[in-house]
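Consider the model below, with attention to its ligand site and to one pair of helices.

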Amino acid sequence: MNANLVAIFLSRHAGHEAKPALLWNGETVCTFGELPAAIGRYRAALAQLGVKQGDRVMLKAENSPHFALTYLAVLASGATFVPLNPAYTPSEVALLVEDADPVLLVHSAATAVPPDDGVIARATLEADGSGSLTRLAEGLEPDVSVAEMAETDLAAILFTSGTTGRPKGAMLMHRNLSSNVAALHEAWRFSDADSILHTLPLFHAHGLFVALHLGLYSAATVHLLGRFDAAKAVALLPTVSVFMGVPTFYTRLLDREDFTREATAGIRLFVCGSAPLLPSVFATFEERTGQRILERYGMTEAVMITSNLYEQDGRIAGTVGYPLPGVELRVVGGAGRQELPPGEVGEVEIRGPNLCAGYWRRPEATAEAIGPDGFFVTGDTGFRDASGRLTIAGRSKDLIISGGFNIYPAELEMVLAEVAGVTDVAIIGVPHPDFGEAVVAVVTAERPDMDPALIEAVAAEKLARFKQPKAIRIVPEFPRNAMGKVLKAELRQQFAGLFS
Ligand code: AMP
């Protein structure tokens, strides 16, 4: 059987020919019946530009239907898809081009790319202008064949969003993507009766491998937007059955008065992930809509790893649930990295069909991350309860050691986010002459003149003394990456001199 993910998707569309596969801002791009030819035209265009099986094609663009079709055409060609964050600067792109070594760089006309040195073929994505991939595709006979691929052949290389260090390319195989979408389809009870409001960036695993894949695998319509816009989302919610987002999307929805129980009545599933969802947001959401957000945990290297259970009472605030079927997870610690008992915080390691083949052209980084027994060190810390339910405590790099005590930022963040008037909290460790590191709470608040003493009082009441922040700083907003993750390295730099 052809393990090409596109072949798997197309094999599941029989009987749905007339149904829209993709909507773009409300307009039908193509039906499931038209999808093979829509992909096939891009496939023919890629071939004209010299793309062959095994090559890499890089795409730097914002969301659009052209993006989704180009992606599927790259896979159908047997080539490897390498999406880039459109926010990258030309010098960042140049480094990644050198690393990924693509035969073709496709980009939206508006995004910055390095000057064309003639070495790598170039095309723009949008239909207008010369040198456009879409325009070329529109004039060609579709090639509706799908290259024969093995399960372990590469489908995509995604550079990890890199909140720290130089980006590494995670090598995702067809098997990783097909096994994960099948597991999510089951776990989240998808069917052809669903339709998904998709406002996540397609250059990231969450938008590409979760939201888009679930639609294609389930023969469910994907309603794609260029980006998240709370007003648009509220207007469109009555037309779909599933919404997926990162925590900031949910906060912004809750900021709107028209985000009500009525507006969400037709939605059967709200999913959240990519960064921790504050229990206060989970609770406000439930009060407002009568529904619980289903939080899941994943990462570029392993797509989705754990999920809360589908039933409303299986969705618990502050936890990320249980490993998906087929995924093994352990929490380890100590010198021998032995498995820890329930309740003890350690490093999260995973193994399973979802785990990538390693990092592109980085054998040392791969060996460091994936041990001889095949378990991958996620870099996240957490603990399991007696039933195996996982709670994420932070990134191991975020771990603060103050006066010899280990402090897990996520625990403090959850406590301090509950303080009235506080909207979000980032806990960081900064150098301290006496303690080695000192805990600093960087806070955003409803009022910029909020009295930090209110936060201090709650910390004193609820946290052991060694965990209490040595300083509290109220800021207008946090630096964040495209997925809404707080860039703690920037905060650490900003507050590095507090105690020196
Ligand atoms: P990325 O590779 O950009 O998807 O980032 C993956 C990282 O995001 C993980 O290693 C976690 O640190 C974080 N992450 C993803 N989902 C969650 C979640 N539900 N709660 C806390 N952190 C999360």
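The paragraphs that follow treat the ligand and then the helix pair.

This is a predicted model, in which local features need pLDDT of at least 70 and side-chain atom pairs count only at pLDDT 80 or more, while totals for chains, interfaces and linings use all residues. Residues are numbered from 1 along each chain as its sequence is written, and side-chain values use heavy atoms, with hydrogens and water left out.

The ligand is surrounded by 15 residues, the closest being Glu 295, Arg 296, Thr 300, Asp 380 and Arg 395 (a residue is near if one of its heavy atoms lies within 4 Å of the molecule). Strand E13, residues 294–299, gives the most to this shell, with five residues (strands are DSSP runs of E, at least two residues, and helices runs of H or I, at least four, numbered from the N terminus). By class, the shell has five nonpolar, five polar and five charged residues (Ala, Val, Leu, Ile, Met, Phe, Trp, Tyr, Cys and Pro count as nonpolar, Asp, Glu, Lys and Arg as charged, the others, Gly among them, as polar).

Oxygen atoms of the ligand lie 2.6 Å from a polar side-chain atom of Thr 300, 2.8 Å from a side-chain N or O atom of Arg 395 and 3.0 Å from a polar side-chain atom of Lys 485. The protein covers 92% of the 500 Å² of accessible area that the ligand has on its own (Shrake-Rupley method, 1.4 Å probe).

Elsewhere, Leu 35 and Tyr 42 are among the residues of H2 that meet residues of H3, including His 66 and Ala 76 (contact means heavy atoms within 4.5 Å).

Conventions. Polar contact = N/O pair within 3.5 Å; in protein donor to acceptor, adjacent residues only side chain to side chain.
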